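Hi,

Here's the structure I said I'd pass along. Have a look at it first, and my notes on helix packing and charged pairs follow right below.

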Amino acid sequence: MSDSNIITIESHIHAMQQEHPEARGEFSGLLRDIAFAAKIISHHVNRAGLIDILGATGEQNVQGEAVQKLDLYAHEVMARVVGRRGQVCLMASEEKEDPIPVEGSELSGDYVLLFDPLDGSSNIDVNVSIGTIFSVLRRVSPRGPVKEADLLQPGRSQHAAGYVIYGSSTMFVYTAGHGVHGFTLDPTVGEFLLSHENIVTPKRASIFSTNEGHAASWSPAVRELVEQFKSGRDGRPPLSSRYIGSLVSDFHRNLLKGGVFLYPSLYRDGDDTPRPKLRLMYEANPLAYVLEQAGGYASDGRGPILDLQPRSLHQRVPLFLGSEEDVRFIEDSLRHSEGKAP
Ligand code: P6P
């Protein structure tokens, strides 16, 4: 790679800011802080097997999930590093019940940061790729104490969203509304270098991703859909099944290769209450924004994820996302199906 082709994430963010002469640099500074936090987390994730931060803390998070030490560490890094320069008035972490006011910035910061510090953390101890997911909103309430409305905004209001995948290499993938761009961490210089400019996801899937171990808990309509992906539909060949069980890893592979990810609501015997698992604010919205910017689509089985009006911070939703043609096929099929919700 010649020097002229070496584009760091800092220079990419700076170039993006140049296109907005009115920008004061707060938004750019926020993105740079997120990238810096990602480098710190990556360093620890890659050493987790060598130092005593493997294993669980014995605590449970607001989701009732066992908190792994690295989860907690990643949460602390995001909470401390991002917004220290006053750009952020409020944060919300998937790990914490309540939002985190940012001391001294409640009255000045224009942005709200939501993040899942380490998604897929149950995979840490078996060395499977995991990830950080983030979403940036702009406050909607006037200067002063932040309000719940500043947090519970539809996904279409996001100013930026993205994820970091800690895998065979560490990648930072984000959108700020002008396409999706991927940066790979070069550990020798500690820089994220542009490696995937303008990511566009294939319109048709070649992969389907879902945990078929839950099939007995799906609605009949979802079971039928997965069978169609397995057997081939409309003259198309069967899709390959790929499922890692780490959302960022499944998402990233499908984004680049073309795929459809399904995490529908689960049902217990004799109980028609839909039980979705994935979180709207911390997982569905940011990934849906990245996906739509890359030409894909994300649905809750009835309509666009990005149009949902959030009711609560830790709200869960059924999630079907990936290649547009196949996700719209899922949505059309489920929207008209009788019986249980997606
Ligand atoms: P299941 C990890 O716990 C996670 O939140 C996502 O990263 C992943 O997509 C999903 O849950 C896996 O859930 O039920 O297949 O184990």
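Glu10 is partly exposed in this predicted model, with a relative accessible area of 24%. Its salt-bridge partner is Lys39, and the closest N and O atoms of the two are 3.7 Å apart. Lys39 counts as buried, since its relative accessibility of 17% falls under the 20% cut-off. Glu10 belongs to helix H1 (residues 9-18) and Lys39 to helix H2, so this pair ties together parts that are 29 residues apart in sequence.

Staying with H2: how do residues 26-47 of that helix sit against helix H3 (residues 69-81)? Their axes come within 9 Å and cross at roughly 155°. The angle is over 145°, so H2 runs roughly antiparallel to H3. As for handedness, the crossing of H2 past H3 is right-handed.

- H2 side: Asp33, Phe36, Ala37, Ile40, Ile41, His44 and Val45
- H3 side: Leu70, Tyr73, Ala74, Val77, Met78 and Val81

By residue class, the contact of H2 with H3 divides into eleven nonpolar, one polar and one charged.

Glu76 is partly exposed at 30% relative accessibility, while Arg80 is exposed at 63%.

Now for a pair that reaches across the chain. Asp307 and Arg156 meet through their side chains in a salt bridge, at 2.5 Å from N to O. Which parts of the chain does this pair link? Asp307 is in the loop between strand S14 (297-299) and strand S15 (319-322), and Arg156 is in the loop between helix H4 (148-151) and strand S7 (160-166). These are distant parts of the chain, with the two residues 151 apart. Both ends are partly exposed, Asp307 with a relative accessible area of 45% and Arg156 with 44%.

One more thing to look at is a network of salt bridges. It links Arg204, Arg233, Asp234, Arg236, Glu325 and Asp326.

And how many salt bridges are there in total? The count comes to 23, and the Lys39 to Glu10 pair is one of the salt bridges.

Cheers

Methods: Residues numbered from 1 in each chain as written. Predicted model: local features only at pLDDT ≥ 70, side-chain atom pairs only at ≥ 80, totals over all residues. Heavy atoms only, no water. Axes fitted to C-alpha atoms, helices over the stretch in contact; angles between N-to-C directions. Helix = DSSP H or I, 4+ residues; strand = E, 2+ residues; numbered from the N terminus. Parallel < 35°, antiparallel > 145°, perpendicular 65-115°, else oblique. Left-handed = near helix turned anticlockwise from the far one by under 90°. Contact = heavy atoms within 4.5 Å. Nonpolar A, V, L, I, M, F, W, Y, C, P; charged D, E, K, R; others polar. Salt bridge = Lys/Arg side-chain N within 4 Å of Asp/Glu carboxyl O. Buried < 20%, exposed > 50% of the residue type's maximum accessible area, 1.4 Å probe, protein only.
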